[in-house]
Every structure is written in structure tokens, then in C-alpha cells.
Amino acid sequence: GCRLQLFFFCLLFVLTALLGALFTEMGVHLENPATHHIVTAQNFFSKAGIQWLLTNMVKNFTGFAPLGLVITMTMAIGFCEESGLLVSLLNRSMRRVPPALVPYLIAFVGTLGNIASDTAAVVIPPLGALVYLGVKKHPVAGMIVGYAGANAGFTANLMVAGTDSLLQGLTNEAIKGFLGNQDFAVDVTCNWYFMVASTFLVALVIGWLSQKIVEPRFGTYEGPVEEETVAEIGPAEKRGIKNAGLVVLVFILIVVAGFFTGILSKDGHTLVGSLLLKGLIPILFFVLSAAGIAYGLTTGKFMNLKDINKAMVKQMSAMGSYVVFCFFCGQFQALFNWTHLGTLMAISGADFLRGIGFTGLPMCIAFILITALINIFVSSGSAKWAILAPIFVPMFMLLGYHPGFTQLIYRLGDSPGNCFTPMSPYIWMILSVAQEKYMPDIAIGTLISNMIPIAIVLQIAWIVFLIVWETLGLPIGPGVGMQLPPGIL
């Protein structure tokens, strides 16, 4: 998958260079309504193009916004993961649950689990199978519900997650390429309100579909019932969770005090534009790191600084492919901005949509569905947004939409199909576990055929939810609505 992405971005780099040269020779130029400057294409195969590459290649990589954001969040969440805090919290939340609530809880925990990114797709489904076994339900149905929660609901969470920081960075890169050095950007919380509400929507939809569609298809489980159950956490783990909770509480009190005293806000009460929002990633880094370290020290997982350092190194060792992705994606995006292709396509696209009258929610829904279609074949959300953001963020801005809203509707199309696309390596892992432990004759078609109704119904429910949300005029994040604030363009 990583090699395919690298080849893809190399191909896009070459294609962008060729199109830039072609448009330069054709003399393509348009007026940018945001700056009133004439935008012309630039030729990479020229002295100016070679100078640009040689003087900016390193900066294109180190200045690529998602690089530092995601690595910082990964390191913080890694402390919670390596110390065992995440698994203990999952085990504790899934014990002694009434059978009727089991599907909803597993879907909810799976959705929350995506704060640990792909780890949720590995950990939640087997736990879901064990919980289903414990309440006399088919374990493979539990795996499907857990997998759907961790993947179809991947973009939703109660907390600001790595997905928020990754997409925000790409969105701001697109804004910068369109507006130049103007001081306008989206915060990492630009979709937070909507995503918090979506967490409950995802859990309700997946839980309900599990009871109505998935579980009846599997019927009663008659296979071998192992003595394996969801692990009971011991006294040390309980103390670890308590100490981690106390550390988080202390940090929250410090942050609240800093906000109301004006250190983290402008006047002691305004959230929008405050240092609390702008510095949320560092704050989360300190909170999550401290919680993970407190848990690890209490349980004995971390005995000294050497163990803590090993936990950081282990998490960073898994980021190698992401760093390489950032290098090639950064070069492509930088060239796309330098050749002005993104701005030219955005201006012409916005003029075309305005000319045919295809704007408003119908256009937004069409964008969601196009994203959903692409998602079946390209499972990487970051790769898709890296390609789409430089075109659609400026285009939607010209049509009067906030970049945070454009990012939101992309996320709604990017998530539901994650649970059934065969391009994801994790669905094959789930198949392997199901064959080995519960259903030796199960095939990939069984998993996909049960995931597809979940993805379709969730996609429809999310679109309806978006329409209701915007009809009520609710903000999707602190200070962020559907419309672009006046004065930006």
C-alpha cells in the first residue's frame, strides 16, 4: 500500500509538471477573485522551475504541515498504547454489559478507539467477538460490528484525534496555496462539534443494523466455545487507570485555570481564536503522554526513563512509511501550488458550478458521494485529501463555503466505505482471525456483504444528519459554520 502511494504521488508530480508546461505554452490565465491578481500557469521545465525545486525541496518536506502534527499526536497516543492504558480501558468498558446494549457499546468503543488510528481495527474486532460470545451471540457478528465502528466511523470521535490534525494540516496547505500569506487558517477543532455528535450517530446506526441485519444472518453460534473471555483487569491496572485519571484531571484544571485567567485566551472567556484552540495539539500531547506514563509507572510497564524512551522509539519506528509519504506528498502539493494549477482549476470549477446553478447542499452531497466512490479504490484518507484539497478547498471558498466545512463533507464521504473496501489490509486480517477461531469456511464475501449495508445506511444517515445540522444553523466547530466569514475573499 505504501509503495503504491509513493508511485501514485510520483506519477502525479510528473503529470502536474507536464500540465503546467502545457498550460504555460497555451497562455492560460484567470483572475483570482480573492486577490484580484492575474493567475498564470508556470512551467516546471524551465530555469525558474529548476531553481524552485533545488531551493525548496527540503522546505517542501520539513514545512509540510501534517508531518509534525501527526508525529506529535502519534507519540502522545503511543505512550497510552505502549503502557497498556488503552487496552485496559477497552477491557474495562466491555465487561458485564447487558446483551441488548452490546452491539451499541462495541460500535461506540470501536469509533472512540480510532483515536489510536489503525490500532482500533486490530484490537476492537477480537474484543467484540469475545463480548458477543459472552452474551450467547455469534462472535463473527461481533467482529463485524467492532470493525465497522473502527473503520466506517473512523472520522468521528469525542476527542480531537490524529485524523483531525492530519486533515487540518492539508486543508491549511490548500488555503495557503490559494490565498498566499494571508493569515487565515482552520484550527484542529474546526469539525469537533459535528464529530462529537457523529460518534453517537455512528454507534446507534451500526448497533441497530447489527441487531436487524448482521446477527440474523449468522444465527446461533454452534462452534467451539473457548474459555476465553474479555480479560479482567487486575489491581495494578485499576490503580494505573485511577492514577492516569488523576493526572488528566490535574491537567484539565490547569488548562481551565489558564483559560479563565487569560493565559490561554484573549479575555478570559472567548474560546474562538484563543491560544487554547491554536495550541490544542501540544496540550493534548502533554495530557496523553502524562496519562500513559502515569499508568505505565503504576503497573510496572515503565520502570525507568529507558523504558519510556523505548516506548517512544517503538512508536516512531512505525512512522517511517508515513515520513516517506510526507516527503513525496509534500513535493507534489508544493509543485501543484507553484504551477498554480490548483488555483486555476478552482476558479474555473467555481465559475462552471455557479454558471449551471449547481450549488448549495445538492453540490455538497454530490461531493460526498464522489469521495465515497473514490474511497472504495483508494483507502488512504490522507492521500485522497492531499489530492482533492488543493482543488476543492479554494473552489468551495469561491462559492462561499468555509474550508472547515469542505473538510467536513470530505470526511463524511471518506469514512463509511472504509469498512468494506477490499483495498484495506485489515479486513483480510479479520477474515484470517474469523477462519482460525470461529468459522473455518467463512470467505471474504461474507464479511463484505455484511459490511455494505452498514456503509450505505450510515452514509445516508450522515447526509441527512448534515442537512438537519445545517438547517438548524449549528456550528460544526468553535467559530466555524458552513459559510465563509466575510472579509476573507
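Colleague: Why are H7 and H19 called roughly antiparallel to each other?

Modeller: The axes of H7 and helix H19 (residues 425-437) cross at roughly 165° and come within 11 Å. Axes here are lines fitted to C-alpha atoms, for helices over the stretch in contact, and angles run from 0 to 180 degrees between N-to-C directions. Angles under 35 degrees count as roughly parallel, over 145 as roughly antiparallel, 65 to 115 as roughly perpendicular and the rest as oblique. H7 and H19 are therefore roughly antiparallel. Their crossing is right-handed, a label given if the near helix is turned clockwise from the far one by less than a right angle, with anticlockwise being left-handed.

Colleague: Which residues make the contact between H7 and H19?

Modeller: Val 140, Met 143 and Tyr 147 of H7 meet Tyr 426, Ile 427, Ile 430, Val 433 and Ala 434 of H19, where contact means heavy atoms within 4.5 Å. That makes eight nonpolar residues, with no polar and no charged ones. Ala, Val, Leu, Ile, Met, Phe, Trp, Tyr, Cys and Pro count as nonpolar, Asp, Glu, Lys and Arg as charged, and the others, Gly among them, as polar.

Colleague: What makes H7 and H20 oblique to each other?

Modeller: The axes of helix H7 (residues 139-151) and helix H20 (residues 444-471) cross at roughly 50°, so the pair is oblique. On the H7 side, Val 140, Ile 144, Tyr 147 and Ala 148 touch Leu 447, Asn 450, Met 451 and Ile 454 of H20. Seven of these residues are nonpolar, one is polar and none is charged.

Colleague: And how do H16 and H17 lie relative to each other?

Modeller: Helix H16 (residues 360-377) and helix H17 (residues 381-398) cross at roughly 170°, so they are roughly antiparallel. The contact includes Phe 367 of H16 and Trp 385 of H17. By class, the residues there are eight nonpolar, two polar and one charged.

Colleague: What confidence does the protein average?

Modeller: It's a predicted model, where local features need pLDDT of at least 70 and side-chain atom pairs 80 or more, while totals for chains, interfaces and linings use all residues. Residues are numbered from 1 along each chain as its sequence is written, and side-chain values use heavy atoms, leaving out hydrogens and water. The average pLDDT (the predictor's confidence in each residue, from 0 to 100) is 86.

How values were computed:
Helices (H or I, at least four residues) and strands (E, at least two) are DSSP runs, numbered from the N terminus.
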